[in-house]
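This briefing covers one protein chain for a reader who has not seen it before.

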Amino acid sequence: MGVTAYSALQAKTAAMRAKHLSAAQYDELKGKTSVSEAVAYLKYNTVYAPLLEHVSERTVHRGDLERLLDSYLQSEVQKLYSFCSDSQKQILSYTYVRYEIGILKRILRALYAGKTIEITFDTDGFFAGKLSFDPAAAAQAGSERELLAALKNTPYYEVLAPPLSSGADLFVAESALDVYYFKYAWRMKGKALKGKDKKMIEESFGSEIDMKNLCWIYRQKRYYNMPGELIFATIIPIHYKIPREALIEMIRTPDADSFVALARQTRYARLFDGLDSRFIEQNYDEMVMARMRKLMQADPFSIACLIGYTHFLESEIARIVTAVECIRYGTHI
């Protein structure tokens, strides 16, 4: 039944993924010395050539590139949607929620920095009828209060009202959005899936939740020195391979080093490798993608081909944007 249900979708995602950036190509992109060079490389050497066909690499603005990549993401998800069954389409809805949250995080970061940002949203794009708020209108908010007003009657009002109304910092506000996202995804897999597909989604999202909680506990102990009760109040209230009691024990450790010692006893020990020279979020991103590849290889004719490709695509676009930003400001990735 898995082969029958997923044969077309697996073939489609495999063909789509094969065209994307290899590790060598990404290294070449990172090695460019100007934004123009980077855009020219994408235009003449990668799957993004048709996207950039009518764009001048000499005059393109970073914001223009981001908008084009955004439209590419929407068009790729739309292609997958046409191959999906009704239950698969339900699962794909987590992509829209993650997209909304990505926009809200950009707006929040600008607000906390005392700035505003421009988000040009394609009202005819695939996501247009699937989002719960108008991204361009929300981006016009000049304060936390105005942002909440723009989110009235959406799920995000209830999510963001407590931290924004109480003057909480950016980390707490972003964490609230992530908690909402993972709770949404966890509920959705229970409604739409059963059997091995449900098990695969549990492994994918469950591992992400465990690792995200460990990242948050680490950051709050290392950089914020937050008391245990406040840490516990901000984590995702879903427990996959780390029991609630074990998580409480880690939260109660007196400092970051003692926390890491306990956390290394879990299946996520690699999350804490090399933290003297890199951020824990880098390890998190690499481990999420490694687990996704493992799921896709273990059973390609399953829901893994769908969630794997969307994760892969979003990650690649984010890395391209980061690479261009670093080139623009002369920093190293």
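Two helices, α10 (195-224) and α14 (280-298), each supply at least two residues of the lining of the largest cavity. The model is a predicted one. The count comes to two cavities of 30 Å³ or more, and the points below take them in turn.

**Largest cavity**

- The largest cavity has a volume of about 40 Å³.
- Its lining is made up of Glu 203, Ser 204, Ser 207, Glu 208, Met 211, Val 288, Arg 291 and Met 292.
- Helix α10 gives the largest share of this lining, with five residues.
- By residue type, the lining of the largest cavity divides into three nonpolar, two polar and three charged residues.

**Second largest cavity**

- The volume of the second largest cavity is about 30 Å³.
- Ile 91, Tyr 94, Ala 185, Met 188, Lys 189, Ile 201 and Phe 205 form the lining of the second largest cavity.
- Three helices, α5 (86-112), α9 (170-192) and α10, each contribute at least two residues to the lining of the second largest cavity.
- The largest share of the lining of the second largest cavity is three residues, and α9 provides them.
- Six residues in the lining of the second largest cavity are nonpolar, none is polar and one is charged.

**Overall fold**

- The protein chain has 15 helices and zero strands.
- Its radius of gyration is 20 Å, close to the 20 Å that the globule rule gives for 333 residues, so the chain is as compact as a globular protein of that length.
- Along the principal axes, the C-alpha atoms of the chain fill a box of roughly 55 × 55 × 45 Å.
- Buried residues make up 49% of the 333 residues of the chain.

**Helix α4**

- Helix α4 covers residues 62-81, and its 20 residues should span 28 Å at 1.5 Å a residue.
- The buried residues of α4 are Gly 63, Leu 65, Leu 69, Tyr 72, Leu 73, Gln 74, Glu 76, Val 77 and Leu 80.

**A loop residue**

- Ile 236 lies in the loop between α11 (228-234) and α12 (244-251).
- With a relative accessible area of 0%, Ile 236 is buried, because buried means under 20% relative accessible area.
- In sequence, Ile 236 and Asp 178 are 58 residues apart, while in space they are 8.1 Å apart, C-alpha to C-alpha.

**Cysteines**

- A disulfide is a covalent bond between the sulfur atoms of two cysteines.
- The count of disulfides in this model comes to zero.
- Cys 305 is in no disulfide either, and the nearest cysteine sulfur to it, in Cys 84, is 8.3 Å away.
- Cys 215 counts as buried, at 3% relative accessibility.
- Cys 305 also counts as buried, with a relative accessibility of 3%.

Notes
Residues are numbered from 1 along each chain as its sequence is written. This is a predicted model: local features need pLDDT of at least 70, side-chain atom pairs count only at pLDDT 80 or more; totals for chains, interfaces and linings use all residues. Side-chain values use heavy atoms; hydrogens and water are left out. A disulfide is a pair of cysteine sulfur atoms within 2.5 Å. Buried means under 20% relative accessible area, exposed over 50%, partly exposed in between (1.4 Å probe, protein chains only). On a 1 Å grid over the protein atoms alone, a cavity is a set of points where a 1.4 Å probe fits but cannot get out, and a pocket is an open set with protein on both sides within 12 Å along at least five of seven lines; lining residues have an atom within 4 Å of a point. Grid points are joined across faces, edges and corners, and a volume is the space filled by probe spheres set on the points. Helices (H or I, at least four residues) and strands (E, at least two) are DSSP runs, numbered from the N terminus. Ala, Val, Leu, Ile, Met, Phe, Trp, Tyr, Cys and Pro count as nonpolar, Asp, Glu, Lys and Arg as charged, and the others, Gly among them, as polar. The expected span of a helix is 1.5 Å times one less than its number of residues. The radius of gyration is taken over C-alpha atoms; the globule rule is 2.2 Å times the number of residues to the power 0.38.
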